[in-house]
Amino acid sequence: MKAIIVCTSVSHGNTQRVADVLGEVLAARVVAPDHIDAAELAGYDLVGFGSGIFLGKFHAQLREFVEALPQAQRGKAFVFATSGFPDAGLQRFSRPLVNQLGQKGFDVVDTFSCRAFDTYAPFKLVGGIRKGRPDASDLAAARTWAEGLRAGIAR
Ligand SMILES: Cc1cc2nc3c(=O)[nH]c(=O)nc-3n(C[C@H](O)[C@H](O)[C@H](O)COP(=O)(O)O)c2cc1C
């Protein structure tokens, strides 16, 4: 299985740290959207897309990259994020990106998110929330998740 991870991590490098662990397990290169030609994705069986969450959305750089992809028959994909708050309920921030990737022809097999240091303005006043995260146990959870993903795809 040939995998690659497209990741935007601009705020604190939180998502990059998670992406590096996922990349290690999946033997995948981690690249920023402006470091890969969209056409190159055709050569991969599995593509991961991840960033921090900003006002309920994935980073604009990642969203614009996906928006610009032509519709085509593609392989599998996964979506991951780091954020102050969970990907749940009305705050399900992964859904629009999952849907959009589906429209672009990807089979989105799973999503992953983990809590991370968040310095969004209201929280900045108190020095941010989720300090020190992702921590060792968050990265261990990311590793376990990626191992499950790899096993599921190999099946
Ligand atoms: C301006 C701003 C807006 C944010 N908005 C949200 C949000 O809507 N929901 C959330 O859970 N986290 C939010 N966060 C927290 C980021 O998603 C979190 O810090 C993330 O780990 C940043 O990823 P990065 O360091 O890889 O760029 C926000 C952070 C900033 C600075």
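Helices (H or I, at least four residues) and strands (E, at least two) are DSSP runs, numbered from the N terminus. The model on screen is predicted: local features need pLDDT of at least 70, side-chain atom pairs count only at pLDDT 80 or more, and totals for chains, interfaces and linings use all residues. Residues are numbered from 1 along each chain as its sequence is written, and side-chain values use heavy atoms, with hydrogens and water left out.

**Stop 1: the ligand and its shell**

**Stop 2**

Look for N or O pairs within 3.5 Å, the cut-off for a polar contact. Select S11: one of its backbone N or O atoms lies 2.7 Å from a ligand oxygen atom. At G84, a polar backbone atom is 3.1 Å from a ligand nitrogen atom. At F85, a polar backbone atom is 2.8 Å from a ligand oxygen atom. On its own the ligand has 650 Å² of accessible area (Shrake-Rupley method, 1.4 Å probe), and the protein covers 89% of that area.

**Stop 2: the pocket**

A pocket is an open set of points on a 1 Å grid over the protein atoms alone, where a 1.4 Å probe fits, with protein on both sides within 12 Å along at least five of seven lines; lining residues have an atom within 4 Å of a point. The space that the ligand took is the largest pocket. Its volume, the space filled by probe spheres set on the points, is about 450 Å³. Of its 24 lining residues, I53, F54, L55, G84 and D118 lie nearest the centre.

**Stop 4**

Most residues other than glycine have a negative phi, and most peptide bonds are trans. Go to the loop between α1 and β2 (29–31) and select A27. A27 is not a glycine, yet has a positive phi of about 50 degrees. Finish at P134, in the loop between α4 (121–124) and α5 (136–154). The peptide bond from R133 to P134 is cis, with omega near 5 degrees.

Conventions: A polar contact is a pair of N or O atoms within 3.5 Å; within protein, one must be able to donate a hydrogen and the other to accept it, and residues adjacent in sequence count only if both atoms are side-chain atoms. A molecule sits in a cavity or pocket if more than half of its atoms lie within 2 Å of its grid points.
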